[in-house]
Amino acid sequence: MTKANDFPEYEAIHTILLDRDGVINEDSPEFIKSPEEWCPIPGSLEAIARLTASGFRVVVISNQSGLARGLLDLKTLKAIHGKMLKAVAQAGGRIEAIYYCPHSPGDECQCRKPNPGLLLQFAADFKADLRRTLLIGDSWRDVEAAQAVEAHAILVKTGKGRMTLRQHPHPGIPVFDNLYQASNVLTKNKITQPIP
Ligand SMILES: [Mg+2]
Ligand SMILES: [Zn+2]
């Protein structure tokens, strides 16, 4: 049983950084290449709405190597994100920004997770303290990107989460079934206050 006071370290968190595929929407080994293929994981839109209502800033941090692989173009990615933002808004939530890496693993860029470039870009844009952010992901590279900049991290079992846990059975960070369950704990813990 998870109780709110099991996680006192989350009281200072101001921003929830969300991986996209496998956390907000169902992942696919064939990549998400069109708005039609973008389908929210049950409860994820409500989870974002609850995080928003509790005063968290919600920001998406996503690897999108499908761009470099030629599987989709930027216009289609924007359409996918348009569908996501609309679905979140209709549920009563708000995503303040979407950061994505368009490169392929071979590009050796600084923004593809496990590198923390997207988190650093967010921190610069929002003048945010990354130690007061929490990244929720389903892959180990999400955890590594967070830990590289002293951000908190949570794993969810949706998407690649179960596979990640087989490879890292003792992740040393909290694990939740899905984003909705994580949002339950985070919103209970939150002392609602304006973002500084
Ligand atoms: Mg993912
Ligand atoms: Zn990149």
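This is a short tour of the structure above, one selection at a time.

**Before you start.** This is a predicted model, in which local features need pLDDT of at least 70 and side-chain atom pairs count only at pLDDT 80 or more, while totals for chains, interfaces and linings use all residues. Residues are numbered from 1 along each chain as its sequence is written, and chains are lettered from A and ligands numbered from 1 in the order in which they are written.

**Stop 1: confidence.** Colour the model by pLDDT, the predictor's confidence in each residue, from 0 to 100. The protein's mean is 93, and 93% of its residues reach 70 or more. Now select residues 191-196: pLDDT stays under 50 there, and the model has six contacts for them beyond four places in sequence. Two residues are in contact if their C-beta atoms, placed from the backbone, lie within 7 Å.

**Stop 2: the sheet.** Show the strands (DSSP runs of E, at least two residues; helices are runs of H or I, at least four; both are numbered from the N terminus). Six of them form an open sheet with parallel pairing, in the order 3-2-1-4-5-6. Its edges are strand 3 (97-101) and strand 6 (175-176), each pairing on one side only. Strands pair if DSSP finds at least two bridges between them. Strand 4 (residues 133-137) and strand 5 (residues 152-156) run parallel and are joined by four bridges.

**Stop 3: isoleucine 154.** Stay in strand 5, where isoleucine 154 lies. Is isoleucine 154 buried or exposed? It is buried, because 25 other C-beta atoms lie within 10 Å; the cut-off for buried is 20 or more, exposed means 12 or fewer, and partly exposed is in between, with C-beta atoms placed from the backbone. Beyond four places in sequence, isoleucine 154 touches Leu134, Ile136, Ile173, Pro174, Phe176 and Ala182.

**Stop 4: the core.** Select Ile16, Leu17, Leu18, Ile61, Leu135 and Ile136, which touch the most other members of the largest nonpolar core, a group of 44 residues. Such a core is a set of buried Ala, Val, Leu, Ile, Met, Phe, Trp, Tyr and Cys residues joined through C-beta atoms within 7 Å. Zoom in on leucine 18: leaving out neighbours within four places in sequence, its contacts are Val23, Ile24, Val58, Val60, Ile61 and Ile136.

**Stop 5: helix 1.** Finish at residues 44-53, where seven of the ten residues are buried, so helix 1 is largely enclosed by the rest of the structure. Among the buried ones are Leu45, Ile48 and Arg50. After the helix comes glycine 55, with a positive phi near 95°.
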